[in-house]
Amino acid sequence: MNKCVICPGSYDPITLGHIDIIERAASLFDKVIVVVMINYKKKYSFSVEERVEMIKKCVSHLSNVEVDFSDGLLSEYAKEKNAYAIVKGLRAMSDFEYEFQMALANKKMNKSIETLFLTTNAEFMYLSSSMVKQIASMGGDISDFVPKAIHKDIIERLK
Ligand code: PNS
């Protein structure tokens, strides 16, 4: 059976931590759909189109990865794509409660969907999109945090 998984997120912007999870998901499953979705708690710095374009630039080396956008519910999107599972990265205990709540809500809405968590690479434990934005907007060096392909896009936008 062909196994397609979904990596959903805000990706505002995508970081090396996200890329690590996407690469690992791509090595475990037949197909990965990286989908930019809306988190109503967040105010975004990059438009949906910009985020999708940035992700595409960063995953072009992965032949089984697609990039998409959805403004709907993740559980519905997973059903539509006939996905095997939702794959998310887990950095620390602080992520756990929020991720656990989302996984349970998604399961309630779509009984057939599983959420799988990949433990973050220790190197990226502390890394988040908001940290990248804060450092970039104050003129700091973000080259260890984001893929080279989008480094300039982020600096130019946030400087
Ligand atoms: O990167 P984020 O902001 O932690 O990602 C959260 C995201 C976008 C995956 C989540 O907010 C989401 O699934 N949004 C889509 C709408 C939805 O299904 N909401 C209910 C989730 S329980």
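Figure 1. T15 is placed in the loop between β1 and α1 (16–28). With a relative accessibility of 3%, T15 counts as buried (buried: under 20% relative accessible area; exposed: over 50%; partly exposed: in between; 1.4 Å probe, protein chains only). The model is predicted, with local features needing pLDDT of at least 70 and side-chain atom pairs counting only at pLDDT 80 or more, whereas totals for chains, interfaces and linings use all residues. Residues are numbered from 1 along each chain as its sequence is written, and side-chain values use heavy atoms, with hydrogens and water left out.

**Figure 2. Overview of the chain.** The secondary structure comprises six helices and five strands; helices (H or I, at least four residues) and strands (E, at least two) are DSSP runs, numbered from the N terminus. From the N terminus on, the order of elements is β-α-β-α-β-α-β-α-β-α-α. The radius of gyration of the chain is 15 Å, close to the 15 Å that the globule rule gives for 159 residues, so the chain is as compact as a globular protein of that length. This radius is taken over C-alpha atoms, and the globule rule is 2.2 Å times the number of residues to the power 0.38. The C-alpha trace spans about 45 × 35 × 30 Å along its principal axes. Of the 159 residues in the chain, 45% are buried.

**Figure 3. Strand β4 and its partners.** Five of the six residues of β4 (residues 85–90) are buried, so this strand is largely enclosed by the rest of the structure. Strand β1 (residues 4–9) runs parallel to β4 and is joined to it by two bridges; strands pair if DSSP finds at least two bridges between them. V5 has A85 in β4 as its bridge partner. Strand β5 (residues 114–119) also runs parallel to β4, with six bridges joining the two, and L90 stands opposite T119 in β5. Together, β4, helix α4 (residues 93–109) and β5 make a right-handed β-α-β unit. A crossover is right-handed if, with the strands pointing away from the viewer, the path from the first strand over the helix to the second runs clockwise.

**Figure 4. Pairing of β2 with β3.** Five bridges link the parallel strands β2 (residues 31–36) and β3 (residues 65–69). V36 stands opposite F69 in β3. The chain passes from β2 through helix α2 (residues 48–58) to β3 in a right-handed β-α-β crossover.

Figure 5. Among the 15 residues around the ligand, S10, I38, N39, K42 and L74 come nearest; a residue is near a molecule if one of its heavy atoms lies within 4 Å of it. A backbone N or O atom of I38 is 3.0 Å from a ligand nitrogen atom. An N or O atom in the K42 side chain lies 2.7 Å from a ligand oxygen atom, and a polar backbone atom of L74 lies 2.8 Å from an oxygen atom of the ligand. Taken alone the ligand exposes 540 Å², of which the protein buries 83% (Shrake-Rupley method, 1.4 Å probe; for residues, only the protein chains shown count as cover).

**Figure 6. N39 and Y98.** N39 is placed in the loop between β2 and α2. At 16% relative accessibility, N39 counts as buried. The side chains of N39 and Y98 are joined by a polar contact of 3.1 Å.

Terms used: A polar contact is a pair of N or O atoms within 3.5 Å; within protein, one must be able to donate a hydrogen and the other to accept it, and residues adjacent in sequence count only if both atoms are side-chain atoms.
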